[in-house]
Amino acid sequence: MPLHDRIIPYLETVGLYHLARLNSQWFWVDEPLLSAFIERWRPETHTFHMPFGECSITLQDVAYQLGLPIDGEPVSGCLTEFENLMEHGRPAWVWFRELFGELPPQSKVKQMTVCYTWFHERFWVLPADASDETNANRVHLCWLPYLASLDDLGRYSWGSAVLAWLYRCLCRGTNRNVVNLAGPLQLLQSWIFWRFPTLRPSGFDRIGFPLASRWATFMPRNDGGAQRLASARLSLDRLRVHDFVWEPYSSVEVTAVIHPEILVEEHRRLWTAVDGVLPQFSGVQHLPQPALNIDWLHAKDGRGGDRWFPTYYREWHQFWENRLQSVIWVDRVLDPGPSSEYLDWWCRVAHRFLSPDVAFQDPRPQMPDDAAQFADQQPRIDEV
């Protein structure tokens with residue numbers, strides 16, 4: 001949707017302006033490449049397991065790639081029982097009519113959701129006489145409690161919500177029965193292109209903000225998906241530690257375009273609330289601590305009632321309230337990377353390669369085993 005000048009101040013207030021600019025045009029993704037990365041995603045650690053160690057998308061990447069705020073209140077809730085959160089117990093559809101001025105046709109409604117096509121068709125062009133009440137809300141129905149007051153919308157941690165949703169979709173994608181990709185895939189693909197130079201397309205040298213806009217006109221091939229997946233898988237198997245850019249945001253080119261609001265201390269202080277990817281913050285990777293077991297939460301999707309929600313999410317909300325206690329102090333070094341202790345451990349415990357063994361063999365014809373015994377019987381070059 002075009003960004004009308006009258007809408008921009010609202011987007012800036014809630015911290016979503018940079019993301020809205022990024023999504024002003026269609027963002028194509030390279031599905032075989034992303035599939036190869038999903039194969040290397042581990043739900044128990046929320047990291048990609050590579051031949052050289054672990055790496056992952058972090059809150060720092062979300063800030064630079066999408067320009068979203070990091071610190072703030074958690075974005076959380078239950079889809080089926082969200083009416084309980086509404087003001088004065090108003091029915092959802094009554095509130096919907098108050099906010100949007102009308103109800104969508106039944107053909108655009110399924111249970112408590114509204115097709116995005118209706119929002120697109122209804123609000124593509126901003127009417128000349130649109131009031132603040134008309135243009136303030138254009139979202140999925142389950143987000144009504146958040147979007148009812150734009151003044152409060154800017155206090156949420158939209159960056160952590162996006163990262164959590166990407167983690168969620170990657171974890172779901174590791175299930176062999178799942179065949180569709182979902183989630184903020186432009187974040188994943190841009191992260192790949194910035195971090196892995198050998199995998200990025202050529203000719204995209206112009207850098208803007210947010211950094212994911214660098215690939216806005218990228219158009220992947222759509223032929224030979226199976227062969228491209230095998231090729232991408234082999235490319236990842238052949239990666240070495242120097243093929244990963246641990247600090248892609250320290251260059252002068254990035255510093256020149258970055259917006260200062262994402263670098264304020266309240267947001268930056270949360271970037272290092274990680275354990276297994278310290279080299280991405282100029283540190284040396286030690287042996288990581290055991291990961292929390294969240295297998296049970298992986299099985300929940302926010303539907304089927306909210307009886308489980310207050311009990312289990314109260315604990316995680318408390319984690320977020322104490323988020324500063326999870327921040328790790330990183331000793332910055334000139335040459336960040338895994339420690340030798342970590343690499344020894346990684347080579348012993350990790351499943352480093354996914355391609356079949358034949359993919360690593362020399363494709364040239366092999367010398368027969370009995371060839372050596374005939375070597376002395378051949379004439380020398382000076383005798384021929």
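This is a predicted model: local features need pLDDT of at least 70, side-chain atom pairs count only at pLDDT 80 or more; totals for chains, interfaces and linings use all residues.
## A tour to the second largest pocket

Residues are numbered from 1 along each chain as its sequence is written, and side-chain values use heavy atoms, with hydrogens and water left out.

Next, select R268, W271, T272, F281 and R332, which are the closest to the centre of the second largest pocket among the 21 residues that line it. A pocket here is an open set of points on a 1 Å grid over the protein atoms alone, where a 1.4 Å probe fits, with protein on both sides within 12 Å along at least five of seven lines, and lining residues have an atom within 4 Å of a point.

Now colour α4 (59-66) and α14 (265-268), each of which supplies at least two residues of that lining; helices are DSSP runs of H or I with at least four residues, strands are runs of E with at least two, and both are numbered from the N terminus.

Finally, centre on T272, in the loop between α14 and β6 (284-285). T272 is buried, with a relative accessible area of 15%, where buried means under 20% with a 1.4 Å probe and protein chains only. Beyond its neighbours within four places in sequence, T272 is in contact with F281, S326, V327, I328 and V330.

Note on methods. Buried means under 20% relative accessible area, exposed over 50%, partly exposed in between (1.4 Å probe, protein chains only). Contact means heavy atoms within 4.5 Å.
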